[in-house]
Amino acid sequence: MNPVKVGIAGLGTVGSGTVNVLKRNARDIARRVGRPIEITHIGARRDHPDCDLSGIRVSRDIFAVASDPDIDILVELIGGIETARELVLTAIKNGKHIVTANKALIAEHGNEIFQAAEANGVDVAFEASVAGGIPILKSLGEGLAANHVNWLAGIINGTGNFILTEMEEGGRAFDDVLAEAQQLGYAEADPTFDVEGIDAAHKLTILASIAFGIPLQFSKVYTEGISRITIEDVASAAHFGYRIKHLGIAKDTGNGIELRVHPTLIPKETMLSAVNGVMNAVMIHGDAVGPTMFYGAGAGAEPTASAVVADIIELGRALTVDHEERVPYLGFHTDHMSDDPILTIDDVACSFYLRLHVQDKAGVLADITRILSDNNVSIDALVQREVDQGLVPIVMMTHQVREGDMNAALDKIAALDTVDSDIMRIRVETLDA
């Protein structure tokens with residue numbers, strides 16, 4: 001059979017890894033597909049010193065790859081959004097199947113891209129867009145297809161997980177660990193996407209769409225970062241038997257879908273709690289299978305290339321299959337997508353960790369507990385620490401409460417003259433059925 005011809009746009013970390021994996025494992029890949037896969041065209045601003053490009057056409061204009069009549073599959077690895085969107089839509093119009101590792105592109109423009117692909121009878125594969133080398137999207141969309149997914153929770157940004165791990169294990173401040181992460185190449189010079197949860201929100205958008213059969217809705221994901229977490233919070237969480245992780249959480253409540261990224265206290269005995277450093281993990285609870293967890297490298301040249309090449313293999317196998325018989329882009333057929341509403345964060349119910357500093361005066365704690373009670377918040381545990389610079393640190397855990405009620409209570413507590421208005425609030429999840 002004729003080889004599957006592949007064009008690659010972008011030759012950075014993931015692009016170079018993809019070229020090397022395709023070349024090194026060419027024999028095994030050909031045996032899996034039933035015919036060879038050949039890289040015939042690469043579009044990149046510059047060559048990569050770790051890649052042998054002999055025999056491959058190289059263009060400095062990435063759009064030359066999208067317009068190349070000889071390629072069957074375009075692999076988009078340039079990153080960013082607008083240029084990548086234009087490139088992918090151009091390739092689709094030209095009848096190319098698409099493989100991409102671009103979570104921002106899929107999360108923000110996936111609905112448009114899938115519609116264009118459907119109209120042109122081509123496929124779009126994006127396994128590498130979430131959790132790097134972990135085959136989580138195929139597992140969720142196919143391996144767990146028999147299940148109604150109740151919820152999923154994931155550590156899906158390695159930078160944030162590295163920072164929180166080092167804060168706990170080394171007793172180090174956030175800014176100190178962030179600087180190290182930047183030196184090691186785990187965090188960008190501008191770390192906003194990682195530490196403020198935007199990267200994780202892109203990935204959660206994709207996971208939730210495949211889990212629940214809903215359209216991609218990135219704008220409705222509640223997003224909160226980890227930059228306000230202190231060593232005091234990490235130690236207090238440990239005192240109560242928890243660890244702090246930056247989680248992406250999606251739940252089907254029966255009344256709507258929760259989509260949220262934020263710091264979370266989880267019990268030390270849970271599987272996700274043991275995930276440290278830059279590693280990623282996603283826990284999924286299905287009604288038939290129960291809880292399952294997928295763990296591995298969430299980034300890096302060859303871990304991500306592993307997922308990219310797996311998509312190329314899948315599309316290579318499917319080239320002779322009628323488009324309508326292939327697995328739907330998001331696991332559910334487009335005419336059977338759910339219109340379940342996305343809940344606002346005020347309608348989410350969970351337990352909370354609270355840290356506040358109050359003046360060392362009689363009646364302060366009584367005022368706080370009264371306000372909490374008036375707003376349907378009940379206290380599960382409370383620790384009052386020694387006076388520090390004239391203020392008394394108080395840490396408490398609450399029972400489950402609607403977030404809107406908690407917000408109303410905290411607004412009133414922060415307005416008290418005896419309370420420092422900088423109140424820390426972290427959600428708590430037990431990750432059980």
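## Thr264 and its surroundings

Thr264 touches Arg243, Ile244, Lys245, Leu247, Ile249, Ile426, Arg427, Val428 and Glu429, when residues up to four places away in sequence are not counted; contact here means heavy atoms within 4.5 Å. The residue belongs to strand β10 (residues 257-267). Helices (H or I, at least four residues) and strands (E, at least two) are DSSP runs, numbered from the N terminus. With 0% relative accessibility, Thr264 counts as buried; buried means under 20% relative accessible area, exposed over 50%, and partly exposed in between (1.4 Å probe, protein chains only). A polar atom of the Thr264 side chain lies 3.0 Å from the backbone oxygen of His262. A polar contact is defined as a pair of N or O atoms within 3.5 Å; within protein, one must be able to donate a hydrogen and the other to accept it, and residues adjacent in sequence count only if both atoms are side-chain atoms.

## Basis of the model

The structure is a predicted model, in which local features need pLDDT of at least 70 and side-chain atom pairs count only at pLDDT 80 or more, while totals for chains, interfaces and linings use all residues. Residues are numbered from 1 along each chain as its sequence is written, and side-chain values use heavy atoms, with hydrogens and water left out.

An unreviewed UniProt entry lists Ala9, Gly10, Leu11, Gly12, Thr13, Val14, Gly15 and Ser16 under "binding site". Of these residues, Gly10, Leu11, Gly12, Thr13, Val14 and Gly15 are included in the lining of the largest pocket. UniProt positions are given in the numbering used here, feature names are shortened, and annotations may be inferred rather than shown by experiment. On a 1 Å grid over the protein atoms alone, a pocket is an open set of points with protein on both sides within 12 Å along at least five of seven lines, and lining residues have an atom within 4 Å of a point.

Gly10 is located in the loop between β1 (4-9) and α1 (13-24), and Gly12 also has its place in the loop between β1 and α1. Gly10 counts as buried at 7% relative accessibility, whereas Gly12 is partly exposed, with a relative accessible area of 34%. Leaving aside neighbours within four places in sequence, Gly10 is in contact with Gly15, Gly43, Leu77 and Ile78.

## Helix α6

Helix α6 spans residues 136-143, and its buried residues are Ile136, Leu137, Ser139, Leu140 and Gly141. The elements covering these buried residues include β7 (149-155), α10 (198-212), β11 (279-286) and β12 (290-297).

The side chains of Glu142 and Lys138 meet in a salt bridge, with an N to O distance of 3.0 Å. Both residues lie in α6, four residues apart, about one turn of the helix. Glu142 counts as partly exposed at 35% relative accessibility, and Lys138 counts as partly exposed at 34%.

## Further salt bridges

A search of the whole structure finds 25 salt bridges, each defined as a side-chain nitrogen of Lys or Arg within 4 Å of a carboxyl oxygen of Asp or Glu. One of them joins Arg57 to Asp68, the closest N and O atoms being 3.6 Å apart. Arg57 lies in strand β3 (residues 57-59) and Asp68 in the loop between α3 (63-66) and β4 (73-76), so this pair ties together parts that are eleven residues apart in sequence. Arg57 is partly exposed, with a relative accessible area of 47%, whereas Asp68 counts as buried at 6%.

Arg260 forms a salt bridge with Glu258, with the closest N and O atoms 2.9 Å apart; both Arg260 and Glu258 are buried. Glu166, Arg172, Asp176 and Glu180 are linked in a network of salt bridges.

## Aromatic pairs

The structure holds two aromatic pairs. Rings of Phe, Tyr and Trp (its six-membered ring) pair if their centres lie within 6.5 Å; planes under 30 degrees apart count as stacked, over 60 as edge-to-face and the rest as tilted. Phe162 and Tyr186 form an edge-to-face pair, 5.0 Å centre to centre with 70° between the planes. Phe162 lies in helix α7 (residues 158-170) and Tyr186 in the loop between α8 (174-184) and α9 (192-195), so the pair ties together parts that are 24 residues apart in sequence. Phe162 counts as buried at 7% relative accessibility, whereas Tyr186 is partly exposed, with a relative accessible area of 36%.

Terms used: 1 Å grid on protein atoms, 1.4 Å probe; cavity = no way out; pocket = protein on both sides within 12 Å on 5 of 7 lines; lining within 4 Å.
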